[in-house]
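Here is a short note for a colleague opening this model. Please read it with the structure in view.

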2 protein chains.
Amino acid sequence: MKRQNVRTLSLVVCTFTYLLIGAAVFDALESDTERKRWEFLSELRDNLIRKYNFSQEDYRMIEIVIIENKPHKAGPQWKFAGAFYFATVVLAMIGYGHSTPVTYGGKAFCIVYAMVGIPLGLVMFQSIGERLNKCASLVIRRGKRWLRCRRTEATEMNLMLATGLLSSAIITTGAAVFSRYEGWSYFDSFYYCFVTLTTIGFGDYVALQNDQALVNKPGYVALSLVFILFGLAVVAASINLLVLRFMTMNAEDVRREDNELQSASHHVVTLDGEVMAVNGKLLAGHMISLNATDAADQVSVCSCTCLAHRHHNHLNSSNRSSPSLKVSGCHRLLSICPGSKSRPMPIRTHKNPRMRNPSTGLALLGGGSQIKRASV
Amino acid sequence: MKRQNVRTLSLVVCTFTYLLIGAAVFDALESDTERKRWEFLSELRDNLIRKYNFSQEDYRMIEIVIIENKPHKAGPQWKFAGAFYFATVVLAMIGYGHSTPVTYGGKAFCIVYAMVGIPLGLVMFQSIGERLNKCASLVIRRGKRWLRCRRTEATEMNLMLATGLLSSAIITTGAAVFSRYEGWSYFDSFYYCFVTLTTIGFGDYVALQNDQALVNKPGYVALSLVFILFGLAVVAASINLLVLRFMTMNAEDVRREDNELQSASHHVVTLDGEVMAVNGKLLAGHMISLNATDAADQVSVCSCTCLAHRHHNHLNSSNRSSPSLKVSGCHRLLSICPGSKSRPMPIRTHKNPRMRNPSTGLALLGGGSQIKRASV
């Protein structure tokens, strides 16, 4: 079976096992309390029913009134501030459900709004996340230079640590703020922040639902929204790294298959779109072992006539820093696939030595120009 | 300012504008109904309070009893089936909030569980989505071949259409099923399916909460869970394409910057990790215009001595199908960056002509080996 299929199947099995374990633990942790709560609430209810001698119909009516009235107790939910809060909660896929559209038009608009808004939000969070990763990698590089480390690049592990720390900082700070404003315990507030920033959004704790905050506390409303949006961007930065990590795994699969084909028979070598050259290092990391010296025997030194003379001096200098090999003077290397319309594929021209550093696939999304895959 | 920064800023501005528009529309659609509902509910409540002459304390007690009792009405939520449902809802980030942990241990475990489960779930959904994209691209290719189309590759647009259609099919079918089992109107059921599969999960409509379904209807429970998990995988397939689309945009930015540097001064050309060679076509698509003929003048024909004789025959055949250019006989093209440890970067060796088709960046995640970027 293909490696990707095996991986997908293993992931499905893993996830189901994880769900089963989770179910067992939640059952063990909550089931008993649930039963006790239910008994206690039933007793209370029975006492109240006895005390007031409700008719069955009236009790159902009271139930409906109280449940339907719950969102209204927090003040108007659909005036501009509340509607903005709701739109944010939809776009970010949090969906607390503290207030939901009840009209046909509201539900229909919500569907259409989410269809456009969710992709827009995803791309925005990804984009901010990518910029944050870039910043983090710059800070890490400077820090390492300042500490006179031998290798100053930000590794993938460094970046994951950095975004992890930033996420923790945001959640713990947010927890302190909400705990103060909402009157929750610090633990509950932390739980709220975590559930919000992972976009689970149970809605058991929802900010801005006390003291008509949506109407009376514009500053707090703004703070909450900034917390949600910035927090989600930071989480996106972490997920950025994770998704990319997975994608590079997939790329490795494709490459491994190629290697198998390659070892079976050697044919034309093309530099087409299917080469996962996101990261020379990554791709090279798992190759049929060829050390630098062996590889030197097989190196292709491409040299097109154009520009070659202009590159000569620089080539020498690059040769000094590069341990062994070079592909020099090729202004363009061209895609030569039958269906490719033969458009040229650019090979990177470097202006300064900094840019000659290799990067991992992370260059795609996040601050990758200086990132190195720690695990390779 | 850097293009990526400009794009991120534009995205933030766009998203905020979109939120403002959404808030205005939701306000217009829901505000009036909310006011009327509130007035009606207040009147009902006042009538009931008058009728039964509740003390204020008793009314608060009734409120608490009824609200806290709501999840219990649907039967035990934390017995195994319910706990499994909850674990799924956490892992998939839906978070209906129909039942939430109330114990300290339950909340703490929920946090830890989500920290591991969400990345696991994301990767699984991505992986299934990628396999689905691959299947879709195969079906599209066969369909096109059967219809004797000139170009049989699955374009990005084809794939987006395919996953879009599949998502719609799942949501509409799901809506019919839930409408029947839950007694919702078809529209409400559609709204439920949409809100679930986008992982918004308001929790205003939640399946498996009637007639003690979690305990009494194991078949329906299984069906619901399969719907959620498979549905999310299909949505992941669509998001796959979207995220990748964004990532390739980023890659284009990096490349554009390079082009600017390149036009400023020509230096050594390296084939290092920073080259976004995910897709020769994509990268080439926006280059300083060089048509195939112009490009042919600049083509680098690399030929290493090793293996060249073995490739000779195949080269000729590939030459026939390739319109103009080739990089032939290069067994390896090597990364020559100063920090790259000079590990070789593989250039794809093709065994059969099918594999010579160029692919877009989509090859990374989804069925990409045969996908072409329609928009380039």
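The points below cover conventions, salt bridges, a surface patch and record annotations.

1. Conventions. This is a predicted model, where local features need pLDDT of at least 70, side-chain atom pairs count only at pLDDT 80 or more, and totals for chains, interfaces and linings use all residues. Residues are numbered from 1 along each chain as its sequence is written, chains are lettered from A and ligands numbered from 1 in the order in which they are written, and side-chain values use heavy atoms, with hydrogens and water left out.

2. Salt bridge count. A salt bridge here is a side-chain nitrogen of Lys or Arg within 4 Å of a carboxyl oxygen of Asp or Glu. By that rule, the count over all chains is 22 salt bridges. Side chains of opposite charge can pair when their charged atoms come close.

3. A:Arg45 and A:Asp46. Their side chains form a salt bridge, with 3.6 Å from N to O. Accessibility is classed as buried (under 20% relative accessible area), exposed (over 50%) or partly exposed (in between), using a 1.4 Å probe and protein chains only. A:Arg45 is partly exposed at 25%. A:Asp46 is partly exposed as well, at 33%.

4. A:Glu153 and A:Arg151. This salt bridge spans 3.9 Å, N to O. A:Glu153 is buried, at 11% relative accessibility. A:Arg151 is partly exposed, at 40%.

5. B:Lys36 and B:Asp32. These side chains meet in a salt bridge at 3.6 Å, N to O. Both belong to helix α1 (residues 3-52) of chain B, four residues apart, so about one helical turn separates them. Helices are DSSP runs (H or I, at least four residues), as are strands (E, at least two), numbered from the N terminus. B:Asp32 is partly exposed, at 38%. In chain A, salt bridges with shared partners link A:Asp32, A:Arg35, A:Lys36 and A:Glu39 into one network.

6. Nonpolar patch. A:Met1, A:Val6 and A:Leu9 make a nonpolar surface patch, with about 340 Å² of accessible area together. Patch residues have over 30% relative accessible area and no salt bridge; like charges are joined within 9 Å, nonpolar side chains (Val, Leu, Ile, Met, Phe, Trp, Tyr) within 5 Å. Areas come from the Shrake-Rupley method with a 1.4 Å probe; for residues, only the protein chains shown count as cover. A:Val6 sits in helix α1 (residues 3-52) of chain A and is partly exposed, at 39%.

7. Record annotation. An unreviewed UniProt entry places "transmembrane region" at residues 78-96, 108-128, 159-178, 190-208 and 220-246 of chain A. UniProt positions follow the numbering used here, feature names are shortened, and annotations may be inferred rather than shown by experiment. In the model, residues 78-96 of chain A are 63% helix and 0% strand, with end C-alpha atoms 15 Å apart. Residues 190-208 of chain A are 42% helix and 0% strand, with end C-alpha atoms 16 Å apart.
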